[in-house]
Amino acid sequence: LAAWAVTEVLRPPAGARILCLGSGAAAAAAAAGRDGGDANVRFEAHDVREVEAGAELRGQRGAFDALLCLPEVLLLADPLERLRAWRVVLRPGGCVVAGGWHERACLGGRCLEKVCRKVGLVPPWNRSWVKSEDSLKLVLGQAGFLVEESVLRPLGSGDSVRKAADAEDVWESQISLEECKDLRKDEQTRETAKRMFIEEWK
């Protein structure tokens with residue numbers, strides 16, 4: 001998304017300042033900018049775990065020409081609050097490119113999210129707000145952005161069709177993720193979660 005956003009959407013002029021949110025976003029965007037001849041564009045990374053937009057951004061109201069927000073950013077808790085916080089650092093007329101997940105993408109992650117809530121754990125991500133392909137447009141609008149265009153495009157691989165026979169394999173792929181370490185701490189909780197996951201998947 002980062003490279004596509006820079007070369008196909010933002011096309012920033014020399015001297016532009018772009019805030020990049022998401023793992024590796026700044027590096028990927030900077031590489032795309034250099035390849036496109038915009039070596040003087042400034043790409044800045046930000047720790048998205050800071051819901052208040054981070055101490056390093058305070059006092060920078062209107063300082064950025066564009067905001068690049070990768071899909072995983074909006075899997076964090078309360079995407080609306082985050083978008084509202086980040087919006088204030090955009091200059092008037094600034095542009096935001098935000099990626100979101102389709103409601104049918106990565107079904108294993110969606111099932112795991114439901115299971116975590118059932119066993120009393122905080123899910124490693126939050127897609128409860130994603131109801132349709134229009135969900136991202138709605139949350140951007142609620143945050144005060146004017147959505148000019150929405151594009152559906154594939155971003156990597158992910159399970160979008162459930163096959164009952166795949167339940168255990170999908171569980172193992174999910175439980176092995178670093179974000180799921182809390183589920184691995186207690187064997188009883190893990191086994192309970194596994195049973196619920198398989199039931200949810202089927």
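Reader: What share of the contacts in the protein with a separation of 6 or more comes from residues 24 or more positions apart?

Author: The share is 75%. Keep in mind that this is a predicted model.

Reader: How many helices and strands does the protein have?

Author: There are 8 helices and 4 strands. Read from the N terminus, the order is α-β-α-β-β-α-β-α-α-α-α-α.

Reader: What percentage of the residues counts as buried?

Author: Buried residues make up 41% of the 202 in the protein.

Reader: How do I read a pair of packed helices?

Author: Two packed helices are described by the angle between their axes and by the distance between those axes. Take helix α3, residues 79–87, and helix α5, residues 135–142. Their axes come within 9 Å. They cross at roughly 50°.

Reader: Which term describes how α3 lies to α5?

Author: Oblique, because the crossing angle falls between the under-35-degree range for roughly parallel and the 65 to 115 range for roughly perpendicular. As for handedness, α3 passes α5 in a right-handed crossing.

Reader: Which residues make the contact?

Author: On the α3 side, L80, L83 and R84. On the α5 side, V139, L140 and Q142. By class, the residues of this contact are 4 nonpolar, 1 polar and 1 charged.

Reader: Let me follow L140. Is L140 buried or exposed?

Author: L140 sits in helix α5. Its relative accessible area is 9%. The cut-off for buried is under 20%, so L140 counts as buried.

Reader: What is L140 in contact with, leaving aside neighbours within four places in sequence?

Author: L83, A98, F145 and V147. L83 also belongs to the α3 side of the helix contact.

Reader: How far apart are the C-alpha atoms of L140 and P79?

Author: They are separated by 9.1 Å.

Reader: Now the cysteines. What should I look for?

Author: A disulfide is a covalent bond between the sulfur atoms of two cysteines. The number of disulfides in this structure is 0.

Reader: Where do C20 and C111 stand, buried or exposed?

Author: C20 has a relative accessibility of 1%, so C20 is buried. C111 is also at 1%, and therefore counts as buried.

Key: Residues are numbered from 1 along each chain as its sequence is written. This is a predicted model: local features need pLDDT of at least 70, side-chain atom pairs count only at pLDDT 80 or more; totals for chains, interfaces and linings use all residues. Side-chain values use heavy atoms; hydrogens and water are left out. A disulfide is a pair of cysteine sulfur atoms within 2.5 Å. Buried means under 20% relative accessible area, exposed over 50%, partly exposed in between (1.4 Å probe, protein chains only). Axes are lines fitted to C-alpha atoms, for helices over the stretch in contact, and angles run from 0 to 180 degrees between N-to-C directions. Helices (H or I, at least four residues) and strands (E, at least two) are DSSP runs, numbered from the N terminus. Angles under 35 degrees count as roughly parallel, over 145 as roughly antiparallel, 65 to 115 as roughly perpendicular and the rest as oblique. A crossing is left-handed if the near helix is turned anticlockwise from the far one by less than a right angle, and right-handed if clockwise. Contact means heavy atoms within 4.5 Å. Ala, Val, Leu, Ile, Met, Phe, Trp, Tyr, Cys and Pro count as nonpolar, Asp, Glu, Lys and Arg as charged, and the others, Gly among them, as polar.
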